Each structure stands twice: as structure tokens, then as C-alpha cells.
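Subject: The structure for you to look at

Hi,

Here is the structure I promised to pass on. Have a look at it first, then read my notes below.

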Amino acid sequence: MAQQRVIATAPGKINCYFRVGPPREDGYHEVASLYVAVSLTEQIEATLRTDGELQLSLEPDSPVVHDPENFPLGEGNLVYQAAQLLREHTGTTLGADLHITKRVPIAGGMGGGSADAAATLVACNELWQTHLDREELGRLGARLGADVPFALMGGAAIGLGIGDQLAPLLTRAKTHWVLIPASYGLSTPRVYGMLDRLRSGMDIEVPKEIDPAVIEALMASDAPALAQVLANDLTQASLALAPELGTMRDLAEGAGALRAMVSGSGPTLALLVRDGEHAEEVMAQLGDEVGVATIDVTAPAAGARITLSE
Ligand SMILES: C[C@](O)(CO)[C@H](O)COP(=O)(O)OP(=O)(O)OC[C@H]1O[C@@H](n2ccc(N)nc2=O)[C@H](O)[C@@H]1O
Ligand SMILES: Nc1ncnc2c1ncn2[C@@H]1O[C@H](COP(=O)(O)OP(=O)(O)OP(=O)(O)O)[C@@H](O)[C@H]1O
């Protein structure tokens, strides 16, 4: 018997360490990623439809900049694609109304679309009682996007392959971050493409591991040490496509952040701070002197999970 209504959430992410290898023939790149899930989450409310339709809607109060172009409410949406993939895989003919509350910036480099896909897989698997286990959901998720398996897992994890081969880091050590979302998005394939162009003629190795100093600092919640070793190979490419990010990064460090880094493919900036109090100081300074909006988050946060099932 199917459920009537299920709510699931899934987290956005920051890559504390991100190394990128040369392009493969399929256009993807092998990476070495240290992911942390953050307390900024997406929510999917799935309500049963017995007519087999999938209908998407966006919560009007969602605090994200969106338009039909960057956020299609149809087949182009990862929520639709995740539900459809689950239906194809399991053969269920049930449908759903899928109501999205979006908090992670769109095309912001924080894996928001991947979080939506992960929450949808978990919500619909429960709604339709299709009984796939986490491993099977992870395999389906990887077909939707490289970051989806991590959004399912949450916490902190090392990601190899295209970022989908995960090894969890068993830690609850907390880190505090301030996010500066941009008013525009950056296309992930364009950022990877720019990186390839910037590296043309260079001999690039496939990354195989995470710098142990990053893991050590993260697991010890040692923010000053972590600030020294954060790394993101996509930074140069994001800055080439959005030079104003460099200025904002300098302003953020000037406002007292231990370190400001481009999150994933950008343009969101993730500022590492010591604790909640330090986050407030940096946010006040940035608000008063630079006039930018910020969001404070902590990590690690839970992966995709059901918060209501009835
Ligand atoms: C930048 C990161 O967010 C860091 O975690 C991810 O690498 C991107 O993950 P994602 O958005 O889930 O990526 P996908 O939706 O699978 O891929 C979008 C596009 O990004 C590029 N891509 C993505 C992942 C990867 N390891 N190599 C790539 O080259 C490819 O051009 C691909 O067509
Ligand atoms: N549910 C969704 N949420 C956000 N974007 C979506 C969604 N479905 C489709 N998209 C499309 O996917 C593109 C990338 O979305 P997303 O917000 O996941 O980017 P991102 O956070 O930069 O991803 P990543 O960090 O994984 O590279 C957007 O340009 C958008 O048009």
C-alpha cells in the first residue's frame, strides 16, 4: 500500500578539498573531493497521485533567485527526472505532486539540484513503497548527477571517480561557514570547460587522494588549520568566468573570515569561520560595509531523510 504524503529533506554541500584531473572521453573529469554537507537544506513534499502524473510546484516563499529558464517546473527539473527514473526502475505506475522548497542557490556550486534529486528519490521511494535500499538509490542517483550520491549520504565523505565513489568520514566534528550567494549562476560544464582551456598544454594527473592535512583539520574541528589547507582546482576557472568573485573573496577575508573559497564550481563563496559568534561578526561586517546578504551554516549535516510519512 502506498503512503499518502511524504516529506524529505537533503543538504547542500561544500567541497573543502577538490582536485580535478584531465577530461575523459565522455567529457567528465576524475576528481578527488572532500565533501561536507551543510545545514542549508532542500525539502520535497510528495503527495500521492493515482493518475500516474508527475506535477511540480515551487514553494513561493523559497529564498532563491529563480526564473523559468534556470528553474523549469517540468521535465528539465532534476526533481522530475529523479521521480521518473525511480518509476522506470521499479515499474510503478503511481504518480505524485512534488512541492519543492528551495533554499540552496540555483547553479551556485552547492549541489542544490543534486539535493533535490536525492530528496525526491527518498520521498518517492517511501510514497510509492518501492523499497529500494540506500545503495540502490545511490546507484540511481549517480545517473542523475555526480553530486547526488553524496546528497543521499550527507555527513562528510571522500568522493573519487567523478565524485560518486564515496567513502564516509565518521565524524561529527563541527565547522562553521558563512555563505555569500551570488545573484547569478555559473554553468558547471562551462566551468570545467574553462579549466581545461586554462590548462591546455599542461600535463595533468588523475587525482587519487585527499591531502591528509585537510582530513586531520576537519576531523579535529581545527578551523585555523583547515583554513590553511582548503583547496579547489575550479577556483581559477570560476574567477575567469566571473572576475568579480575575486573582489568579493578579498572583501570577505578583509571582513575577518579565516578563508573565503569558491564553493564547487561557484559562484557561491564559502567563508570558513571559527564558531557561531565569529560567523555573526563577519556577517555584520559584510552586511554593514559591503551590503551583501549572507547565510550562516554548520557542517556536517544529515543526508537525505524522511521527516514525515503518512
Ligand atoms: C562541481 C561539483 O559540484 C563538485 O562537487 C561537481 O563536480 C559537479 O557535480 P554535478 O553538478 O552533480 O555534475 P553533473 O550534473 O553530473 O554534471 C554536469 C557537468 O559537469 C561536468 N562534470 C561534472 C562532474 C565531474 N566529475 N566532471 C565533469 O566534467 C560535465 O561537463 C557534466 O556534463
Ligand atoms: N531542482 C533543480 N534545482 C536546481 N537546478 C536545477 C534543478 N533541476 C534542474 N536544474 C538545472 O540544473 C542546473 C544546475 O543546478 P544546481 O543548482 O544543482 O547547480 P550547482 O549547485 O552549481 O551544482 P553543482 O554544485 O553540483 O555543480 C541549473 O542551471 C538548473 O537550470
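This is a predicted model: local features need pLDDT of at least 70, side-chain atom pairs count only at pLDDT 80 or more; totals for chains, interfaces and linings use all residues.

First, the whole chain. You'll find ten helices and twelve strands in it. Its C-alpha atoms fill a box of roughly 55 × 45 × 40 Å along the principal axes. A compact globule of 310 residues would have a radius of gyration near 19 Å, and the chain has 19 Å, so the two agree. As for burial, 49% of the 310 residues count as buried. Now take the contacts with a separation of 6 or more: 78% of them are between residues 24 or more positions apart.

Now back to the two helices. Two packed helices are described by the angle between their axes and the distance between the axes. Helix α1 covers residues 78–90 and helix α3 covers residues 134–144; their axes come within 10 Å and cross at roughly 130°. Angles over 145 degrees would count as roughly antiparallel and 65 to 115 as roughly perpendicular, so α1 is oblique to α3. And the answer to the question: α1 passes α3 in a right-handed crossing.

Which residues meet there? From α1 come L78, Q81, A82, L85, L86 and H89, and from α3 come L140, R143 and L144. By class, this contact of α1 with α3 has six nonpolar, two polar and one charged residues.

Note on methods. Residues are numbered from 1 along each chain as its sequence is written. Chains are lettered from A and ligands numbered from 1 in the order in which they are written. Helices (H or I, at least four residues) and strands (E, at least two) are DSSP runs, numbered from the N terminus. The radius of gyration is taken over C-alpha atoms; the globule rule is 2.2 Å times the number of residues to the power 0.38. A residue is buried if 20 or more other C-beta atoms lie within 10 Å of its own, exposed if 12 or fewer, and partly exposed in between; C-beta atoms are placed from the backbone. Two residues are in contact if their C-beta atoms, placed from the backbone, lie within 7 Å. Axes are lines fitted to C-alpha atoms, for helices over the stretch in contact, and angles run from 0 to 180 degrees between N-to-C directions. Angles under 35 degrees count as roughly parallel, over 145 as roughly antiparallel, 65 to 115 as roughly perpendicular and the rest as oblique. A crossing is left-handed if the near helix is turned anticlockwise from the far one by less than a right angle, and right-handed if clockwise. Ala, Val, Leu, Ile, Met, Phe, Trp, Tyr, Cys and Pro count as nonpolar, Asp, Glu, Lys and Arg as charged, and the others, Gly among them, as polar.
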